[in-house]
Amino acid sequence: MAEQPAPGSTRDAAVTAPDGSAGADAAAGDAAAVAVEQSYLDRLYGRLDELRGDAQGRLSGALRQVGNTPSERAERESVVRDANDQVAMLGAVEQGLCFGRLDFADGAEPPRYVGRIGIFDEANGYEPLLVDWRAPAARPFYLATAAAPDGVRRRRHLDTRGRRVVEVTDEVLDLDDAAHAGHEGLTGEATLLAALSRSRTGRMRDIVDTIQAEQDRVIRAPLAGMLVVQGGPGTGKTAVALHRAAYLLYTYREQLTRQGVLLVGPHRTFLRYIEHVLPALAETGVLARTVGELFPGVATAVEEEPEAGLVKGATSMVEVLRAAVADRQRVPDEPVEVLIDDSHQGFGFQHDTVVLEPETVAAARDRARRTTRPHNLAREVFVAEVVDSLGWQVAQRLGDDPYADQALGGNDAPGEGTLLLNEGDVAEIRRELATDSRLAAALDELWPTLTPQQLLTDLYASDDRLAAAAPALPEARRALLRRDPGAPWTVSDVPLLDEAAELLGVDDRARREREERLRRRRIEYAEGVLEVAAGSMSQEFEDEETEVLEVTDALTAEQLAERQVEADRRTAAERAAVDRQWTFGHVIVDEAQELSPMAWRALMRRCPTRSLTVVGDVAQTADESGTRTWADTFAPYVDGRLRTAELATSYRTPAEILAVAARLLAHIDPTLTPPRAVRDTGDEPWFRCVPSDLIATEVADTVRTEAAEVGDGRVGVIVPAGRATAVTAAVRTVVPDAASGDDADLERGVAVLTARQAKGLEFDTVLVVAPDEIVTESRRGYSDLYVALTRTTNRLGVIHSGQLPAGLEA
Ligand SMILES: Nc1ncnc2c1ncn2[C@@H]1O[C@H](COP(=O)(O)OP(=O)(O)OP(=O)(O)O)[C@@H](O)[C@H]1O
């Protein structure tokens, strides 16, 4: 049994035997402790197997059901889904099911075991056998210290492989010996350091057994409001964000299952890197998206040119888009004649002509705009106004007193003087005009129904449209927005499409009318059913004097019709994935410093309650329109009510490497404090200078040796974008399956990435190539290099040809 001090715990306490009594022989204590925990673990896994059996049984039973009616089928589907989720969840917690035990000071309470899920002893009054790590009862496992033990005498970490206990490590919380405390503030130091020095697999692991106190406070912060977590590289922001998602889903289960949780990450490779963490924490219902995927129907990973990204990311684009929409609401310079095409038999004005006078159109446009409805919805008002006015025009012509002057072109205002048709006739004429296809086409020219994609495509494709929509933008910046129709959407376009969708609105009248027709049909059918039921009742009870409650007393046709509607069984995440307007119960944003102000607007629309967790590091901001200070970024949304937290300990990057990174940080922002490392490795980072044209071969040779060195671990090669192709080709001569690019498969041993592609990731060994070029490639080049240097968990090598950037030189 490895014994280690907790902060303020005894370093030299007597070895504790598994039953809590002091023992003299450490080795015997070890074996005995392991044996005791093994037998408890066996019991837990036995119970887990039973639970799995039950869930599997429910699943098989439901699958055997056929379901004769729609509601039976829906019921079956729901049971299958629940049982399936249960089977998957119970499967996912197999590894590391139980990882901790708390023993209490007064001995009054039995030991409390902490694990991935809660397990109860059904046969014994539902006594807890295992406490879910998210339950309040598990909290002392993460927070108890000798100074504030919360009743805990001993915290034990169980190290397991599969179903076997390999080792137990105890921390005895003893204030008397606090002077001997180990690394200040660390919980379960030995277990933590063992976890940190394990080689990487290309997939992020959960940290459920070694969450640190500063992280625990963020994870369990209340749901409401906006929480911003600033932390340097490797401080566990991603880990904390994911564990917070699991915690919130557990604690606010009902609300969040209904509304869903959205997790936004920087790129697809990153989302794949973290995708196993939540299932291992027994949670699956989180929708994970990049900003480029936030607009259903458009999925893009195409990066924008930095200059254009800066223009597109600024909130001034809101005005540009508003003006672009207004520009599509046209008034003709001259009267427009429209030949009425359809056969309007009633009044015989087929093949007649109506004239769209500029004043008429302008008045209709003003009226429609005054409604402040989105463009596509205000169109209805515009059309009605024009048709109204044309109705008078036609009515006057058709119904004129033959002896009066010609109406059109004269001074007659509608309704004045000589009209022979009555109100009903005029209404009929309007109805006919409203369905005329040529008039509709003419009105489309003046106020078209638009999709966001159409609006943006047309805007980008035309200098005139851009000039009309963005008069305040200097011409050179406007030119950055130009793109040909059909060019792929970029990540920076996505928030603009979303903004455009808001301005345009969706004209869903056809859908609503269809649904209303269906609803009426269901009610008619239900009325029939109720009539039959009522008829049969009155016959049966004809002779009885007693008052009988009839079916129609308890149930209306509307209620019965409602019951016929099949419930939508999809999860919130599934529904939210296809619904742009879905609003989430909570939104978590990782690498949040990269989001532009326009992207924040799009996200805030998805979270009107402002229940958000935002994690990031302003020193790592690479995007030109990303965050410099959190307070400025969120000032428009939270009105000073921002909760902030800081994570100050880097769990990933060893002290030797953080020392170099800290020198670079001073160039990025001297006011920022570098995180402190939790460990050192004794391995100093190395620098090697080679001629520029030999860099790729030098990298390849080094990859060969480093890959051999890390064994099962991972090597990351971080390159300037300009060298990515050449270095990847060279590396593949020694490691043919080396991953690279936007969609890199990190489970391969070696990956060649740019600093931006490596954002959020980590490797056992990192080679940074041509750091001077990384710095000069972008305006935020120092931040890119800072990201590159801090991706390693162990070793760092720098291969360069010229002068090292300031901060890196010896
Ligand atoms: N309490 C912990 N126990 C064990 N490992 C931890 C703990 N906290 C963080 N780690 C590990 O440290 C590494 C860095 O964590 P993470 O990626 O969450 O940091 P980050 O702050 O998001 O980093 P960056 O900003 O550089 O992307 C990961 O391997 C993570 O598992």
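# Chatting through the cores and the ligand shell

Mentor: The largest nonpolar core has 76 residues, and Trp133, Ile274, Leu746, Leu753, Val768, Leu785 and Leu789 have the most contacts inside it. A nonpolar core here is a set of buried Ala, Val, Leu, Ile, Met, Phe, Trp, Tyr and Cys residues joined through side-chain atoms within 4.5 Å. Buried means under 20% relative accessible area, exposed over 50%, and partly exposed in between (1.4 Å probe, protein chains only). Bear in mind that this is a predicted model: local features need pLDDT of at least 70, side-chain atom pairs count only at pLDDT 80 or more, and totals for chains, interfaces and linings use all residues. Residues are numbered from 1 along each chain as its sequence is written, and side-chain values use heavy atoms, with hydrogens and water left out.

Trainee: Which element gives the most to this core?

Mentor: H6 does, with nine residues. Helices are DSSP runs (H or I, at least four residues), numbered from the N terminus.

Trainee: And what does isoleucine 274 touch?

Mentor: Leaving out residues up to four places away in sequence, isoleucine 274 touches Met204, Thr238, Leu242 and Leu263. Contact means heavy atoms within 4.5 Å.

Trainee: OK, new topic. Which residues come nearest to the ligand?

Mentor: Thr210, Gln215, Lys237, Glu762 and Arg791, out of 24 residues around the ligand. A residue counts as near if one of its heavy atoms lies within 4 Å.

Trainee: How many of the shell residues are nonpolar, polar and charged?

Mentor: Eight are nonpolar, ten polar and six charged. For these classes, Ala, Val, Leu, Ile, Met, Phe, Trp, Tyr, Cys and Pro are nonpolar, Asp, Glu, Lys and Arg are charged, and the others, Gly among them, are polar.

Trainee: Which helix gives the most to that shell?

Mentor: H6 again, with three residues.

Trainee: What about the backbone of glycine 234?

Mentor: A backbone N or O atom of glycine 234 sits 2.9 Å from an oxygen atom of the ligand. For threonine 235, a polar backbone atom is 3.1 Å from a ligand oxygen.

Trainee: Which backbone oxygen does its side chain reach at 2.9 Å?

Mentor: That of glycine 505. A polar atom of the asparagine 376 side chain also lies 2.8 Å from the backbone oxygen of leucine 450.

Methods: Polar contact = N/O pair within 3.5 Å; in protein donor to acceptor, adjacent residues only side chain to side chain. Helix = DSSP H or I, 4+ residues; strand = E, 2+ residues; numbered from the N terminus.
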